[in-house]
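Visitor: I'm new here, and I'd like to be walked through this one step by step.
Guide: Happy to, just ask away.

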Amino acid sequence: MDGWQQYFSFMGSAEGWIALATLVAMEIVLGIDNLIFISILSNKLPEKDRARARRLGIGAALVMRLLLLATVSWIAQLTAPVFSIAGKDFSWRDIILLAGGLFLMWKATKEIHHTVDPDDGKENIVSHAANMTVGAAIFQILLLDLVFSVDSIITAVGMTDHIAIMYIAVIAAVTVMLLAADPLARFIHANPTIVMLALGFLLMIGMTLIAEGMGFHVPKGYVYAAMGFSALVELLNMMARRAKRRKTG
């Protein structure tokens with residue numbers, strides 16, 4: 001019993017609850033990147049498989065985050081330098097972020113090319129929807145889940161020493177992702193212009209990951225403020241287009 005009391009000792013202080021609320025909010029915000037990628041990728045599947053792929057992908061993200069939390073001492077070591085190039089130290093976290101950023105930028109760029117020129121005769125970013133399997137989608141989602149999970153857990157470790165707070169925050173964030181996944185994917189699918197905006201977000205997120213991997217800290221507030229402003233502009237454009245259709249119709 002004493003062990004459980006030790007894990008949940010934060011509940012007896014206002015600071016503990018503030019730390020929990022802050023970390024939950026941070027984890028939810030960090031999950032937006034992951035969710036946009038999952039939504040775009042799952043929409044490439046046949047319609048009957050989309051919801052299942054999203055649930056499996058987000059479920060895998062939860063399992064991955066919980067497993068990483070179970071090795072929190074090892075996760076903390078990922079920030080230790082492993083080699084240097086031209087005087088710049090690189091840790092395993094840097095390598096993971098660089099690889100994830102490059103992967104995300106490549107996929108987003110290929111998809112933008114296909115969206116702009118769908119009849120170029122070349123293979124789509126994730127193969128044609130008819131040929132893509134749930135397993136292939138889950139594999140690609142897992143690759144980015146790993147990148148976002150490592151970043152998420154390192155953020156959690158840096159914000160609090162209470163392992164219980166980390167677990168609660170991660171479970172709460174993934175639950176929100178699970179609830180928001182289907183509505184977001186349907187919204188993106190129903191609004192083609194949103195697809196291009198979301199792909200632009202993925203490009204920006206990829207560039208941010210690369211910058212972080214190179215040691216240049218990019219305040220997340222700036223990134224999400226830019227994304228929010230762009231989304232607001234697109235929302236106003238959608239409202240204007242609907243008003244025009246009603247007027248001409």
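What follows is a chat about a predicted model, going from the overall fold to single residue pairs.

Visitor: How many helices and strands are there in the protein?
Guide: Let's read along from the N terminus: the elements run α-α-α-α-β-β-α-α-α-α-α. Counting them up gives nine helices and two strands.

Visitor: What share of the residues is buried?
Guide: Here a residue counts as buried when its relative accessible area is under 20%. The protein has 249 residues, and the buried ones make up 41%.

Visitor: How are helices α7 and α8 oriented to each other?
Guide: Helix α7 covers residues 163-190 and helix α8 covers residues 192-213. Their axes come within 5 Å and cross at roughly 115°. Angles of 65 to 115 degrees fall in one class, so α7 and α8 are roughly perpendicular.

Visitor: What kinds of residues make up the contact of α7 with α8: nonpolar, polar or charged?
Guide: On the α7 side you'll find Phe187, Ile188 and Ala190, and they meet Pro192, Ile194, Val195 and Ala198 in α8. Sorting these residues gives no polar and no charged ones, and seven nonpolar.

Visitor: Now for charges. How many salt bridges are there?
Guide: Side chains of opposite charge can pair when their charged atoms come close. The rule used here asks for a side-chain nitrogen of Lys or Arg within 4 Å of a carboxyl oxygen of Asp or Glu. By this rule, the count is five.

Visitor: Where in the chain do aspartate 49 and arginine 52 sit relative to each other?
Guide: These two side chains meet in a salt bridge, with 3.5 Å from N to O. Aspartate 49 is buried at 12% relative accessible area, while arginine 52 is partly exposed at 41%. Both belong to helix α3, residues 47-70, and because they are three residues apart there, the separation is about one helical turn.

Visitor: How many residues apart are aspartate 182 and arginine 54?
Guide: They form a salt bridge too, the closest N and O atoms being 2.8 Å apart. Arginine 54 is buried, at 5% relative accessibility. Aspartate 182 is in helix α7 and arginine 54 in helix α3, so this pair links distant parts of the chain, with a separation of 128 residues.

Visitor: Between arginine 241 and glutamate 234, how far apart are the closest N and O atoms?
Guide: Arginine 241 is partly exposed at 34% relative accessibility, whereas glutamate 234 is buried at 12%. The two form a salt bridge, and their closest N and O atoms are apart by 3.0 Å.

Visitor: Last one: how far apart in space are alanine 51 and arginine 186?
Guide: Alanine 51 has its place in helix α3, and at 24% relative accessible area it is partly exposed. In sequence, alanine 51 and arginine 186 are 135 residues apart. In space, C-alpha to C-alpha, the distance is 10.0 Å.

Definitions and conventions
Residues are numbered from 1 along each chain as its sequence is written. This is a predicted model: local features need pLDDT of at least 70, side-chain atom pairs count only at pLDDT 80 or more; totals for chains, interfaces and linings use all residues. Side-chain values use heavy atoms; hydrogens and water are left out. Helices (H or I, at least four residues) and strands (E, at least two) are DSSP runs, numbered from the N terminus. Buried means under 20% relative accessible area, exposed over 50%, partly exposed in between (1.4 Å probe, protein chains only). Axes are lines fitted to C-alpha atoms, for helices over the stretch in contact, and angles run from 0 to 180 degrees between N-to-C directions. Angles under 35 degrees count as roughly parallel, over 145 as roughly antiparallel, 65 to 115 as roughly perpendicular and the rest as oblique. Contact means heavy atoms within 4.5 Å. Ala, Val, Leu, Ile, Met, Phe, Trp, Tyr, Cys and Pro count as nonpolar, Asp, Glu, Lys and Arg as charged, and the others, Gly among them, as polar.
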